[in-house]
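I opened the model today to look up a few places in it. The entries below follow the order in which I went through them.

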Amino acid sequence: MEQGVSFDLELIRRYDQSGPRYTSYPTAVEFAESFGEAAYQAACARSNESGRPLSLYFHIPFCDTVCFYCACNKIATKDRSLAPPYLERVYRELEMQSALFDRARQVEQLHWGGGTPTFLSHDQMTELMDVTRRHFTLAGDDVGEYSIEIDPREADAATVKLLRRIGFNRMSLGVQDFDPRVQAAVNRIQTEAETMTVLEAAIAEGFRSTSIDLIYGLPFQTVESFSKTLERIIAVNPQRLSIFNYAHLPERFKPQRRIKDDDLPAPEVKLDILQSTIARLTEAGYVYIGMDHFARPDDELALAQQAGTLYRNFQGYSTHADCDLIGIGVTSIGKVDNTYGQNRRELEEYYADIDAGHLSVFRGIELNRDDLIRRDMITKLICHFQLDIRAAEAAWEIRFADYFADALAKLQGMVEDGLVEISAEQIRILPRGRLLVRNICMAFDAYLATKTGPIGFSRVI
Ligand SMILES: C[S@@+](CC[C@H](N)C(=O)[O-])C[C@H]1O[C@@H](n2cnc3c(N)ncnc32)[C@H](O)[C@@H]1O
Ligand code: SF4
(Lines give C-alpha, C1' and ligand atoms only; values in the text may rest on other atoms or scores of the structure.)
(Ligands and ions follow the chains in the order given, each with its own letter.)
Protein backbone atom coordinates (compact mmCIF):
# COMPACT_ATOMS: atom_id res chain seq x y z
CA MET A 1 0.00 0.00 0.00
CA GLU A 2 1.18 3.50 -0.79
CA GLN A 3 2.05 5.22 2.49
CA GLY A 4 2.17 8.90 1.55
CA VAL A 5 0.46 11.73 3.34
CA SER A 6 -0.04 15.06 1.66
CA PHE A 7 -0.61 18.33 3.40
CA ASP A 8 -3.34 20.70 2.23
CA LEU A 9 -3.58 23.68 4.52
CA GLU A 10 -6.92 24.93 3.26
CA LEU A 11 -8.56 21.51 3.59
CA ILE A 12 -7.17 20.92 7.07
CA ARG A 13 -8.48 24.31 8.21
CA ARG A 14 -11.88 23.55 6.76
CA TYR A 15 -12.14 20.17 8.45
CA ASP A 16 -10.62 21.26 11.77
CA GLN A 17 -13.29 20.35 14.30
CA SER A 18 -13.33 18.40 17.54
CA GLY A 19 -13.65 14.65 17.27
CA PRO A 20 -12.88 11.35 18.98
CA ARG A 21 -9.49 9.65 18.66
CA TYR A 22 -11.21 6.25 18.38
CA THR A 23 -9.07 4.30 20.82
CA SER A 24 -12.43 2.60 21.38
CA TYR A 25 -15.77 2.51 19.58
CA PRO A 26 -18.18 3.40 21.08
CA THR A 27 -16.04 6.04 22.81
CA ALA A 28 -15.86 6.33 26.62
CA VAL A 29 -18.56 9.04 26.50
CA GLU A 30 -21.05 6.22 25.88
CA PHE A 31 -20.02 4.13 28.88
CA ALA A 32 -22.90 3.77 31.36
CA GLU A 33 -22.98 2.95 35.06
CA SER A 34 -25.58 0.25 34.39
CA PHE A 35 -22.54 -1.82 33.33
CA GLY A 36 -20.82 -3.01 36.52
CA GLU A 37 -19.08 -5.95 38.14
CA ALA A 38 -21.72 -8.59 37.27
CA ALA A 39 -21.80 -7.62 33.59
CA TYR A 40 -18.00 -7.65 33.51
CA GLN A 41 -17.82 -11.11 35.09
CA ALA A 42 -20.34 -12.45 32.56
CA ALA A 43 -18.19 -11.05 29.72
CA CYS A 44 -15.09 -12.76 31.16
CA ALA A 45 -16.94 -16.10 31.31
CA ARG A 46 -18.00 -15.72 27.66
CA SER A 47 -14.49 -14.75 26.65
CA ASN A 48 -13.04 -17.96 28.10
CA GLU A 49 -14.98 -19.94 25.47
CA SER A 50 -12.87 -18.23 22.82
CA GLY A 51 -9.49 -19.09 24.32
CA ARG A 52 -8.16 -15.82 22.88
CA PRO A 53 -4.79 -14.56 24.19
CA LEU A 54 -4.77 -11.80 26.79
CA SER A 55 -3.40 -8.30 27.10
CA LEU A 56 -2.80 -6.67 30.50
CA TYR A 57 -2.78 -2.91 31.11
CA PHE A 58 -1.55 -1.57 34.47
CA HIS A 59 -2.17 2.06 35.38
CA ILE A 60 0.38 3.65 37.74
CA PRO A 61 -1.10 7.08 38.41
CA PHE A 62 1.63 8.89 40.37
CA CYS A 63 3.93 11.65 39.05
CA ASP A 64 6.59 13.46 41.04
CA THR A 65 5.69 16.82 39.48
CA VAL A 66 2.88 17.91 37.22
CA CYS A 67 3.49 18.96 33.63
CA PHE A 68 1.05 21.80 32.98
CA TYR A 69 -0.06 20.51 29.57
CA CYS A 70 -0.91 17.03 30.86
CA ALA A 71 -4.24 15.45 29.95
CA CYS A 72 -3.42 12.01 31.40
CA ASN A 73 -5.01 10.44 34.49
CA LYS A 74 -2.39 11.22 37.09
CA ILE A 75 -1.85 12.17 40.72
CA ALA A 76 0.98 14.66 41.32
CA THR A 77 2.78 13.86 44.58
CA LYS A 78 6.26 13.72 46.04
CA ASP A 79 5.08 11.23 48.64
CA ARG A 80 6.58 7.87 47.63
CA SER A 81 4.83 6.20 50.57
CA LEU A 82 1.66 6.26 48.44
CA ALA A 83 3.03 3.47 46.25
CA PRO A 84 2.81 0.46 48.64
CA PRO A 85 -0.91 0.90 49.52
CA TYR A 86 -1.66 1.30 45.81
CA LEU A 87 0.28 -1.84 44.88
CA GLU A 88 -1.44 -3.77 47.65
CA ARG A 89 -4.81 -3.05 45.96
CA VAL A 90 -3.37 -3.86 42.53
CA TYR A 91 -2.26 -7.28 43.83
CA ARG A 92 -5.73 -7.98 45.21
CA GLU A 93 -7.26 -6.90 41.92
CA LEU A 94 -4.83 -9.15 40.01
CA GLU A 95 -5.94 -12.06 42.15
CA MET A 96 -9.64 -11.34 41.56
CA GLN A 97 -9.17 -10.73 37.84
CA SER A 98 -7.06 -13.84 37.30
CA ALA A 99 -9.79 -16.01 38.87
CA LEU A 100 -12.04 -14.96 35.96
CA PHE A 101 -9.72 -16.09 33.17
CA ASP A 102 -8.53 -19.56 32.15
CA ARG A 103 -4.91 -19.99 33.15
CA ALA A 104 -4.21 -21.54 29.75
CA ARG A 105 -4.83 -18.17 28.06
CA GLN A 106 -1.43 -16.60 27.43
CA VAL A 107 -0.65 -12.96 28.02
CA GLU A 108 0.83 -11.79 24.71
CA GLN A 109 0.82 -8.10 25.52
CA LEU A 110 1.47 -6.21 28.74
CA HIS A 111 1.73 -2.46 29.24
CA TRP A 112 2.49 -0.19 32.20
CA GLY A 113 1.16 3.31 31.67
CA GLY A 114 0.53 6.36 33.73
CA GLY A 115 1.18 8.70 35.33
CA THR A 116 4.72 7.54 35.67
CA PRO A 117 5.28 3.78 36.09
CA THR A 118 8.91 4.34 37.17
CA PHE A 119 7.64 6.36 40.14
CA LEU A 120 7.83 2.87 41.69
CA SER A 121 11.12 1.73 43.24
CA HIS A 122 13.15 -1.08 41.69
CA ASP A 123 11.92 -3.51 44.34
CA GLN A 124 8.31 -2.49 43.79
CA MET A 125 8.56 -2.92 40.02
CA THR A 126 10.17 -6.35 40.45
CA GLU A 127 7.47 -7.39 42.89
CA LEU A 128 4.64 -6.17 40.62
CA MET A 129 5.98 -8.27 37.76
CA ASP A 130 6.48 -11.29 40.06
CA VAL A 131 2.90 -11.09 41.33
CA THR A 132 1.64 -10.74 37.75
CA ARG A 133 3.52 -13.90 36.73
CA ARG A 134 2.07 -15.71 39.73
CA HIS A 135 -1.47 -15.02 38.51
CA PHE A 136 -1.15 -15.04 34.72
CA THR A 137 0.73 -17.07 32.11
CA LEU A 138 3.07 -14.68 30.30
CA ALA A 139 4.25 -15.57 26.78
CA GLY A 140 7.99 -15.82 26.13
CA ASP A 141 10.12 -12.79 25.28
CA ASP A 142 10.11 -13.65 21.56
CA VAL A 143 6.29 -13.57 21.36
CA GLY A 144 5.18 -11.20 24.12
CA GLU A 145 5.03 -7.44 23.62
CA TYR A 146 5.94 -5.98 27.02
CA SER A 147 6.00 -2.21 27.03
CA ILE A 148 6.36 0.62 29.52
CA GLU A 149 5.99 4.41 29.41
CA ILE A 150 9.10 6.07 30.78
CA ASP A 151 9.68 9.59 31.98
CA PRO A 152 13.48 9.94 31.54
CA ARG A 153 13.61 12.15 34.64
CA GLU A 154 12.47 9.13 36.63
CA ALA A 155 14.82 6.51 35.16
CA ASP A 156 18.52 5.87 34.55
CA ALA A 157 20.64 3.12 33.02
CA ALA A 158 20.15 0.92 36.10
CA THR A 159 16.35 1.29 35.84
CA VAL A 160 16.45 0.29 32.18
CA LYS A 161 18.60 -2.76 32.98
CA LEU A 162 16.14 -3.81 35.68
CA LEU A 163 13.13 -3.32 33.38
CA ARG A 164 14.70 -5.55 30.74
CA ARG A 165 15.52 -8.18 33.35
CA ILE A 166 11.93 -8.32 34.66
CA GLY A 167 10.62 -8.76 31.12
CA PHE A 168 10.07 -5.47 29.29
CA ASN A 169 11.16 -5.40 25.65
CA ARG A 170 9.62 -2.13 24.40
CA MET A 171 9.46 1.38 25.80
CA SER A 172 8.18 4.83 25.01
CA LEU A 173 9.91 7.93 26.34
CA GLY A 174 8.18 11.21 27.14
CA VAL A 175 10.30 14.05 25.72
CA GLN A 176 7.80 16.64 24.39
CA ASP A 177 10.36 19.38 23.55
CA PHE A 178 14.04 20.06 24.31
CA ASP A 179 13.73 23.86 24.19
CA PRO A 180 14.42 25.33 27.68
CA ARG A 181 11.86 28.11 27.27
CA VAL A 182 9.12 25.66 26.30
CA GLN A 183 10.12 23.32 29.12
CA ALA A 184 9.93 26.13 31.69
CA ALA A 185 6.50 27.22 30.45
CA VAL A 186 5.05 23.72 30.85
CA ASN A 187 6.93 22.84 34.05
CA ARG A 188 8.77 19.91 32.54
CA ILE A 189 12.48 20.52 32.91
CA GLN A 190 14.27 17.58 31.35
CA THR A 191 17.82 17.63 30.06
CA GLU A 192 18.79 16.09 26.78
CA ALA A 193 21.34 14.00 28.67
CA GLU A 194 18.57 12.42 30.80
CA THR A 195 16.74 11.35 27.64
CA MET A 196 19.87 10.09 25.85
CA THR A 197 21.02 8.07 28.86
CA VAL A 198 17.76 6.11 28.85
CA LEU A 199 17.75 5.67 25.07
CA GLU A 200 21.33 4.42 24.96
CA ALA A 201 20.65 2.03 27.83
CA ALA A 202 17.58 0.70 26.01
CA ILE A 203 19.68 -0.12 22.94
CA ALA A 204 22.46 -1.66 25.06
CA GLU A 205 20.00 -3.83 27.01
CA GLY A 206 18.32 -5.14 23.85
CA PHE A 207 14.95 -3.38 23.95
CA ARG A 208 13.30 -4.30 20.68
CA SER A 209 11.53 -1.00 20.15
CA THR A 210 11.92 2.52 21.46
CA SER A 211 9.40 5.24 20.84
CA ILE A 212 9.61 8.98 21.58
CA ASP A 213 6.68 11.25 22.46
CA LEU A 214 6.82 14.86 21.30
CA ILE A 215 4.06 17.47 21.51
CA TYR A 216 3.53 20.34 19.08
CA GLY A 217 1.41 23.37 19.96
CA LEU A 218 3.09 24.03 23.33
CA PRO A 219 3.84 27.61 24.50
CA PHE A 220 6.61 29.49 22.65
CA GLN A 221 7.14 26.78 20.06
CA THR A 222 8.09 27.91 16.57
CA VAL A 223 8.88 25.97 13.42
CA GLU A 224 12.60 26.58 14.04
CA SER A 225 12.57 25.66 17.72
CA PHE A 226 10.58 22.47 17.17
CA SER A 227 12.73 21.41 14.25
CA LYS A 228 15.79 21.62 16.50
CA THR A 229 14.18 19.14 18.90
CA LEU A 230 13.18 16.93 15.98
CA GLU A 231 16.70 16.90 14.51
CA ARG A 232 18.18 15.73 17.78
CA ILE A 233 15.62 12.95 17.99
CA ILE A 234 16.11 11.86 14.35
CA ALA A 235 19.86 11.66 15.03
CA VAL A 236 19.29 8.86 17.56
CA ASN A 237 16.94 7.05 15.18
CA PRO A 238 14.13 5.68 17.42
CA GLN A 239 11.91 2.99 15.85
CA ARG A 240 8.79 5.03 16.48
CA LEU A 241 7.70 8.60 17.13
CA SER A 242 4.44 9.95 18.46
CA ILE A 243 3.96 13.59 17.54
CA PHE A 244 0.94 14.64 19.58
CA ASN A 245 -1.10 17.73 18.93
CA TYR A 246 -1.33 19.63 22.22
CA ALA A 247 -4.93 19.21 23.39
CA HIS A 248 -5.65 22.41 25.32
CA LEU A 249 -8.82 21.89 27.35
CA PRO A 250 -8.26 24.07 30.48
CA GLU A 251 -11.90 23.68 31.59
CA ARG A 252 -11.25 19.93 31.93
CA PHE A 253 -7.60 19.79 33.01
CA LYS A 254 -6.84 22.22 35.81
CA PRO A 255 -3.01 22.40 35.46
CA GLN A 256 -3.51 23.62 31.88
CA ARG A 257 -4.87 26.88 33.34
CA ARG A 258 -1.26 27.72 34.18
CA ILE A 259 -0.50 27.89 30.47
CA LYS A 260 -1.26 31.34 29.10
CA ASP A 261 -3.34 31.40 25.92
CA ASP A 262 -1.17 34.26 24.65
CA ASP A 263 1.95 32.09 24.82
CA LEU A 264 0.46 29.35 22.62
CA PRO A 265 1.51 29.29 18.97
CA ALA A 266 -1.13 30.58 16.55
CA PRO A 267 -3.03 27.93 14.56
CA GLU A 268 -1.02 28.82 11.40
CA VAL A 269 2.22 28.24 13.29
CA LYS A 270 0.95 24.88 14.59
CA LEU A 271 0.09 23.84 11.06
CA ASP A 272 3.51 24.96 9.83
CA ILE A 273 5.17 22.92 12.57
CA LEU A 274 3.11 19.88 11.64
CA GLN A 275 3.82 20.30 7.95
CA SER A 276 7.58 20.66 8.35
CA THR A 277 7.64 17.77 10.86
CA ILE A 278 5.89 15.42 8.44
CA ALA A 279 8.16 16.50 5.58
CA ARG A 280 11.31 16.01 7.66
CA LEU A 281 10.25 12.63 9.07
CA THR A 282 9.31 11.36 5.63
CA GLU A 283 12.69 12.50 4.31
CA ALA A 284 14.36 10.69 7.23
CA GLY A 285 12.63 7.47 6.13
CA TYR A 286 9.74 7.27 8.62
CA VAL A 287 6.33 6.00 7.57
CA TYR A 288 3.18 7.81 8.68
CA ILE A 289 1.16 5.10 10.45
CA GLY A 290 -1.78 7.39 11.22
CA MET A 291 -3.16 9.46 14.13
CA ASP A 292 0.11 11.09 15.33
CA HIS A 293 2.26 7.97 14.88
CA PHE A 294 5.35 7.46 12.73
CA ALA A 295 7.52 4.35 12.48
CA ARG A 296 10.57 3.12 10.62
CA PRO A 297 9.57 0.93 7.65
CA ASP A 298 11.02 -2.19 9.31
CA ASP A 299 9.15 -1.58 12.58
CA GLU A 300 6.47 -4.12 13.44
CA LEU A 301 3.73 -1.44 13.30
CA ALA A 302 4.67 -0.52 9.74
CA LEU A 303 4.92 -4.21 8.81
CA ALA A 304 1.52 -4.95 10.40
CA GLN A 305 0.01 -2.06 8.47
CA GLN A 306 1.43 -3.50 5.24
CA ALA A 307 0.09 -6.95 6.13
CA GLY A 308 -3.36 -5.62 7.04
CA THR A 309 -3.14 -6.80 10.66
CA LEU A 310 -2.71 -3.50 12.51
CA TYR A 311 -5.10 -2.73 15.35
CA ARG A 312 -5.89 0.27 17.55
CA ASN A 313 -6.61 0.24 21.27
CA PHE A 314 -6.25 2.44 24.36
CA GLN A 315 -2.46 2.41 24.11
CA GLY A 316 -2.53 3.54 20.49
CA TYR A 317 -1.67 1.25 17.56
CA SER A 318 -0.95 -2.40 18.27
CA THR A 319 -0.21 -5.64 16.52
CA HIS A 320 -2.28 -7.80 18.89
CA ALA A 321 -5.76 -7.47 17.47
CA ASP A 322 -7.25 -10.61 18.90
CA CYS A 323 -6.45 -10.17 22.62
CA ASP A 324 -8.98 -9.56 25.36
CA LEU A 325 -7.65 -6.58 27.33
CA ILE A 326 -7.75 -6.59 31.14
CA GLY A 327 -7.36 -3.13 32.72
CA ILE A 328 -5.80 -3.14 36.20
CA GLY A 329 -5.62 -0.17 38.57
CA VAL A 330 -7.44 3.10 39.02
CA THR A 331 -9.23 4.45 35.85
CA SER A 332 -8.06 1.51 33.69
CA ILE A 333 -10.26 0.43 30.81
CA GLY A 334 -10.61 -3.19 29.73
CA LYS A 335 -12.03 -4.72 26.56
CA VAL A 336 -13.36 -8.22 27.16
CA ASP A 337 -15.54 -10.17 24.72
CA ASN A 338 -18.08 -7.65 23.35
CA THR A 339 -17.67 -5.15 26.20
CA TYR A 340 -15.63 -2.22 27.49
CA GLY A 341 -15.46 -1.70 31.25
CA GLN A 342 -13.69 1.00 33.26
CA ASN A 343 -12.41 1.02 36.85
CA ARG A 344 -13.25 3.83 39.30
CA ARG A 345 -11.41 7.07 38.62
CA GLU A 346 -10.78 8.24 42.18
CA LEU A 347 -8.15 6.49 44.27
CA GLU A 348 -10.32 6.32 47.43
CA GLU A 349 -13.23 4.80 45.51
CA TYR A 350 -10.96 2.26 43.85
CA TYR A 351 -9.49 1.31 47.25
CA ALA A 352 -12.97 1.01 48.82
CA ASP A 353 -14.17 -1.41 46.10
CA ILE A 354 -11.07 -3.59 46.29
CA ASP A 355 -11.03 -3.58 50.11
CA ALA A 356 -14.66 -4.76 50.07
CA GLY A 357 -13.59 -7.72 47.94
CA HIS A 358 -15.07 -6.39 44.69
CA LEU A 359 -13.73 -5.51 41.28
CA SER A 360 -13.83 -1.77 40.67
CA VAL A 361 -15.56 -1.76 37.26
CA PHE A 362 -18.10 1.04 37.60
CA ARG A 363 -19.12 1.82 34.04
CA GLY A 364 -18.90 0.37 30.59
CA ILE A 365 -20.84 -0.81 27.59
CA GLU A 366 -21.90 -4.07 25.99
CA LEU A 367 -21.57 -3.68 22.24
CA ASN A 368 -24.57 -4.64 20.12
CA ARG A 369 -24.25 -5.98 16.60
CA ASP A 370 -24.38 -2.51 15.07
CA ASP A 371 -21.61 -1.29 17.40
CA LEU A 372 -19.45 -4.29 16.44
CA ILE A 373 -19.96 -3.70 12.72
CA ARG A 374 -19.17 0.01 12.99
CA ARG A 375 -16.14 -0.64 15.20
CA ASP A 376 -14.81 -3.01 12.57
CA MET A 377 -15.20 -0.38 9.82
CA ILE A 378 -13.61 2.41 11.91
CA THR A 379 -10.69 0.14 12.90
CA LYS A 380 -10.00 -0.78 9.26
CA LEU A 381 -10.01 2.85 8.16
CA ILE A 382 -7.93 4.21 11.02
CA CYS A 383 -5.35 1.41 10.81
CA HIS A 384 -5.10 0.79 7.08
CA PHE A 385 -6.63 3.82 5.38
CA GLN A 386 -8.83 1.44 3.41
CA LEU A 387 -11.85 -0.76 3.79
CA ASP A 388 -12.66 -3.77 1.65
CA ILE A 389 -16.41 -3.49 1.04
CA ARG A 390 -16.89 -7.05 -0.25
CA ALA A 391 -15.03 -8.51 2.72
CA ALA A 392 -17.15 -6.44 5.12
CA GLU A 393 -20.34 -7.63 3.40
CA ALA A 394 -19.25 -11.26 3.69
CA ALA A 395 -18.07 -10.95 7.30
CA TRP A 396 -21.19 -9.20 8.58
CA GLU A 397 -23.81 -10.43 6.07
CA ILE A 398 -24.88 -6.93 5.11
CA ARG A 399 -25.42 -5.03 1.90
CA PHE A 400 -22.89 -2.27 2.43
CA ALA A 401 -24.64 0.34 0.28
CA ASP A 402 -27.87 -0.12 2.25
CA TYR A 403 -26.42 -0.57 5.71
CA PHE A 404 -24.12 2.42 5.40
CA ALA A 405 -26.27 4.62 3.14
CA ASP A 406 -26.00 7.40 5.76
CA ALA A 407 -22.25 7.14 6.13
CA LEU A 408 -21.73 7.06 2.35
CA ALA A 409 -23.85 10.18 2.01
CA LYS A 410 -21.79 11.92 4.70
CA LEU A 411 -18.58 10.99 2.87
CA GLN A 412 -19.70 12.58 -0.42
CA GLY A 413 -18.22 16.00 0.38
CA MET A 414 -14.93 14.34 1.32
CA VAL A 415 -14.95 12.42 -1.96
CA GLU A 416 -15.38 15.71 -3.82
CA ASP A 417 -12.56 17.24 -1.77
CA GLY A 418 -10.24 14.39 -2.74
CA LEU A 419 -9.88 12.99 0.78
CA VAL A 420 -11.34 9.61 0.00
CA GLU A 421 -12.17 7.44 -2.99
CA ILE A 422 -15.16 5.11 -3.01
CA SER A 423 -15.77 2.29 -5.52
CA ALA A 424 -18.04 -0.76 -5.39
CA GLU A 425 -15.11 -2.73 -3.95
CA GLN A 426 -13.44 -0.40 -1.50
CA ILE A 427 -13.16 2.83 0.40
CA ARG A 428 -9.67 4.24 0.16
CA ILE A 429 -8.36 7.22 2.09
CA LEU A 430 -6.14 9.25 -0.22
CA PRO A 431 -2.89 10.95 0.86
CA ARG A 432 -4.81 14.26 1.22
CA GLY A 433 -7.24 12.61 3.65
CA ARG A 434 -4.78 10.80 5.89
CA LEU A 435 -4.33 13.57 8.45
CA LEU A 436 -8.11 13.83 8.56
CA VAL A 437 -8.74 10.13 9.12
CA ARG A 438 -10.85 10.78 12.19
CA ASN A 439 -13.22 13.01 10.23
CA ILE A 440 -13.70 10.10 7.85
CA CYS A 441 -14.28 7.64 10.71
CA MET A 442 -16.81 10.03 12.22
CA ALA A 443 -19.11 9.31 9.27
CA PHE A 444 -19.45 5.74 10.60
CA ASP A 445 -20.07 6.77 14.21
CA ALA A 446 -23.74 6.24 15.05
CA TYR A 447 -23.49 8.13 18.36
CA LEU A 448 -22.17 11.43 17.03
CA ALA A 449 -25.36 11.92 15.03
CA THR A 450 -27.33 12.03 18.28
CA LYS A 451 -25.13 14.71 19.87
CA THR A 452 -25.65 18.43 19.79
CA GLY A 453 -23.31 21.09 21.11
CA PRO A 454 -19.73 20.65 22.31
CA ILE A 455 -18.82 17.09 23.23
CA GLY A 456 -15.48 17.64 24.93
CA PHE A 457 -13.24 15.92 22.37
CA SER A 458 -9.98 17.51 21.31
CA ARG A 459 -9.67 19.20 17.94
CA VAL A 460 -8.54 17.22 14.94
CA ILE A 461 -5.49 19.43 14.31
C1 LIG B 1 1.40 9.22 30.44
S2 LIG B 1 2.42 10.26 29.51
C3 LIG B 1 3.96 9.40 29.29
C4 LIG B 1 4.72 8.85 30.45
C5 LIG B 1 5.37 9.80 31.41
N6 LIG B 1 4.41 10.24 32.38
C7 LIG B 1 6.02 10.99 30.79
O8 LIG B 1 5.42 12.05 30.80
O9 LIG B 1 7.12 10.86 30.25
C10 LIG B 1 1.85 9.99 27.86
C11 LIG B 1 2.10 11.07 26.82
O12 LIG B 1 0.91 11.79 26.58
C13 LIG B 1 1.24 13.01 25.94
N14 LIG B 1 0.34 14.06 26.45
C15 LIG B 1 0.03 14.34 27.72
N16 LIG B 1 -0.82 15.38 27.81
C17 LIG B 1 -1.08 15.78 26.53
C18 LIG B 1 -1.88 16.80 25.93
N19 LIG B 1 -2.60 17.65 26.67
N20 LIG B 1 -1.90 16.90 24.59
C21 LIG B 1 -1.18 16.07 23.82
N22 LIG B 1 -0.41 15.09 24.32
C23 LIG B 1 -0.34 14.94 25.65
C24 LIG B 1 2.70 13.28 26.24
O25 LIG B 1 3.43 13.24 25.03
C26 LIG B 1 3.10 12.15 27.16
O27 LIG B 1 4.41 11.71 26.94
S1 SF4 C 1 3.13 14.13 31.09
FE2 SF4 C 1 3.73 12.31 32.24
S3 SF4 C 1 5.00 13.10 33.92
FE4 SF4 C 1 3.94 14.83 33.11
S5 SF4 C 1 2.14 15.00 34.44
FE6 SF4 C 1 1.53 13.83 32.60
S7 SF4 C 1 1.76 11.72 33.18
FE8 SF4 C 1 2.90 12.95 34.69
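Where is the place of Asp337? I found Asp337 in the loop between strand E15 (333-336) and strand E16 (339-343). I worked from a predicted model throughout.

**Backbone entries**

I looked up phi for Asp337 and got a value near 50 degrees, which is positive in a residue other than glycine. Asp337 counts as partly exposed because its relative accessible area is 22%, and the buried class ends at under 20%.

I noted a positive phi again at Asn237, near 55 degrees, and this residue too is not glycine. Asn237 sits in the loop between helix H8 (223-236) and E9.

I then went through peptide bonds. The bond joining Tyr25 and Pro26 is cis, with omega about -5 degrees. Pro26 belongs to the loop between helix H1 (9-15) and helix H2 (37-50). I also found a cis bond from Gly114 to Gly115, where omega is near 20 degrees. Gly115 is in the loop between strand E4 (106-114) and helix H4 (122-135). I wrote these places down because most residues other than glycine have a negative phi, and most peptide bonds are trans.

**Ligand 1**

Which residues come nearest to ligand 1? Of the 20 residues around ligand 1, they are Tyr69, Gly115, Gln176, Arg188 and Asp213. I looked up the polar atoms next. A polar side-chain atom of Gln176 is 2.7 Å from an oxygen atom of ligand 1. For Asp213, an N or O atom of the side chain is 2.7 Å from an oxygen atom of the ligand. At Ala247 I found a polar backbone atom, 3.0 Å from a nitrogen atom of ligand 1. On its own ligand 1 has 560 Å² of accessible area, and the protein covers 90% of that.

I sorted the shell around ligand 1 by class and got nine nonpolar, seven polar and four charged residues. Strands E6 (145-150), E7 (170-176), E8 (209-216) and E9 (240-245) each supply at least two residues of this shell.

**Ligand 2 and Arg153**

Around ligand 2 I listed Cys63, Cys67, Tyr69, Cys70, Gly115, Thr116, Asp151, Arg153 and Arg188. By class, this shell has four nonpolar, two polar and three charged residues.

Arg153 is in the loop between E6 and helix H5 (157-166), and it counts as partly exposed because its relative accessibility is 23%. The side chains of Arg153 and Asp151 are joined by a polar contact of 2.7 Å. Leaving aside neighbours within four places in sequence, Arg153 is in contact with Thr65, Cys67, Asn187, Arg188, Ile189, Gln190 and Glu194. I also checked Pro297, 144 residues from Arg153 along the chain, and the two C-alpha atoms are separated by 30 Å.

**Nonpolar cores**

Which residues have the most contacts inside the largest nonpolar core? They are Phe400 and Phe444, in a core of 121 residues. Beyond its neighbours within four places in sequence, Phe444 is in contact with Tyr25, Arg374, Met377, Ile378, Leu381, Phe400, Phe404, Ala407, Leu411 and Ile427.

Notes: Residues numbered from 1 in each chain as written. Chains lettered and ligands numbered in written order. Predicted model: local features only at pLDDT ≥ 70, side-chain atom pairs only at ≥ 80, totals over all residues. Heavy atoms only, no water. Core = buried A, V, L, I, M, F, W, Y, C linked by side-chain atoms within 4.5 Å. Buried < 20%, exposed > 50% of the residue type's maximum accessible area, 1.4 Å probe, protein only. Contact = heavy atoms within 4.5 Å. Near = heavy atom within 4 Å. Polar contact = N/O pair within 3.5 Å; in protein donor to acceptor, adjacent residues only side chain to side chain. Areas by Shrake-Rupley, 256 points an atom, 1.4 Å probe, with all protein chains shown as cover. Helix = DSSP H or I, 4+ residues; strand = E, 2+ residues; numbered from the N terminus. Nonpolar A, V, L, I, M, F, W, Y, C, P; charged D, E, K, R; others polar.
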